[in-house]
Amino acid sequence: MVRSKGYPEALENKLIDRVLYDSDRSPEFTKVVEEISRTIPHMCYQCGTCTASCPSAPRSTYRIRKFVRRVVMGLENEALTDPDLWLCTTCYSCTDRCPRDIAPTDVIMAMRNLAFKRDIIPVNFLKTVQAIYTTGHGVPNNDVNRAARKKLGLEADPPTTHKFPQYIKGIQKILDYYKLKANADRIVKEREG
Amino acid sequence: MENMHEYAFYLGCIAPNRYPGAEAAAIRTSEKLGVKLLPLEGASCCPAPGAFGSIDLNVWMAMAARNLVLAEKMKKDIALVCNGCYKSIWEVNHKLKHNDDLRDRVNEVLKEIDMEYKGTINVYHLAELLYNPEICGVEKIRGSITNPLTGTRIAVHYGCHLMKPRKDRDFSVDAVSKTEAPHWMEEMVEALGAEAVEYRNKMQCCGAGGGVRGYDIVHSLDITNEKLINLKEVGVDALTDICPFCQLQFDRGQIEIQEKFGVSYGLPVLHYCELLGLAQGMSPQELALDLHAINCEPFLAKVL
């Protein structure tokens, strides 16, 4: 049978009782996450409405409530190295329903930004960057589609960076400003050789 | 004909590059409804809010701002047909208009390419424009129909990023602001002569967003499969969406679900613009429905 990543072994592992020490905490973490996310995880009273609203929760060990708690407690390593960080589909149901007016989805996004600074990032995210750097599109055109477009009376290439590739240079400058392409290339190469 | 409402048509990636019928239909159907969609030359990926937002929110904003500046130069508001694009283009526009620090940060980058974000335009989803009686409205849609989809049962997948998070959205039409049990898209479907069908947990995500489709395809498809089970329970002839990424997840996803889970549904998935095109008399060829992974014939047999 096909299985999603790390289930149920990951769950068993997570249910083991653990002791947390002050040395596991980095108090700056809470502050940085709040700055990037522009939301207020410290207001969380752990009601669990977020996890109950989450489409990823019933089929994985991903618990948005737990991630919010980790932020409040400053458990940076534990949060950023948990592969479940990447299971949020960003549907914003939790954000819509949070009775404390927190945006848990944006808390996740902030943590993903911080994880990327430590090179923790699934490769597929970086491949989107590479595609956009080359073509301007995350999902570029192809020959089958070009033929279909012509039959529809559309131009073979849409009037985006595809038809006007002179705009790609500007996109590359923006991505280079943040050294995003260089970092993406480096990490992909490290992972895939 | 009265004055046309003109917009810069922001295409995104998946509509023009995977479901070009949705692009063609958007242009042709809205023209009949008083909405003219003009090409936005040099636009790029929005960029994908899940992928780019996860990596670095600053890059996400700068890249989206570049697209916004292109429309500012045209002096036109943007209309688009994808919820993911809406998340990037609408939300970044909104953030930059209301946060000077973010706007300054973005403009510092844009200076490198001789651009400046000014905050002079608005961004709309085409579906929201078509629903708004001040622009088009349901009655006008009904009046444009030459081939009513009578006798078909159609369910709506709203997707996430057009309406959610509600507190970060600002719709002029109240019905569009309801995120728990909205009904405005069902009204748009019934205007085409079809029966709009409710189903369990209809506001659930398609499962593709946030980079999850690329990160863990089985997890992602399992979410899609749950929706397909709920749709099968009520029995529908087609599913309609207003987001090409959701469309891809439901359409190609059904093939992947068959391969990985061994269940098949054969449920045609059409963008609302494609559905509107059929109801306005466009042929399946003019909508490139043959590019869909799931055969639309059983549905077409009922409406043609």
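Contact here means heavy atoms within 4.5 Å. With that in hand, I looked at chain B: residues 24 or more positions apart make up 78% of its contacts with a separation of 6 or more.

Before going on, I noted that this is a predicted model, where local features need pLDDT of at least 70, side-chain atom pairs count only at pLDDT 80 or more, and totals for chains, interfaces and linings use all residues. Residues are numbered from 1 along each chain as written, chains are lettered from A and ligands numbered from 1 in written order, and side-chain values use heavy atoms, without hydrogens and water.

**Overall build.** I found 14 helices and 8 strands in chain B; these are DSSP runs (helices H or I, at least four residues; strands E, at least two), numbered from the N terminus. The C-alpha atoms fill a box of roughly 55 × 50 × 35 Å along the principal axes.

**Burial.** I looked up how much of chain B is tucked away: 66% of its 304 residues count as buried. Buried means under 20% relative accessible area, exposed over 50%, and partly exposed in between (1.4 Å probe, protein chains only).

**Charges.** I got 31 positive and 41 negative side chains in chain B, with the centres of the two sets 1 Å apart. Lys and Arg count as positive, Asp and Glu as negative, while His and the chain ends are left out. Each charge is placed at NZ of Lys, CZ of Arg, CG of Asp or CD of Glu.

**One residue.** I picked E23(B), which sits in helix α2 (residues 20-31) of chain B. Is E23(B) buried or exposed? E23(B) counts as buried because its relative accessibility is 3%. Leaving out residues up to four places away in sequence, E23(B) touches R149(A), L154(A), F9(B), L11(B) and P16(B).
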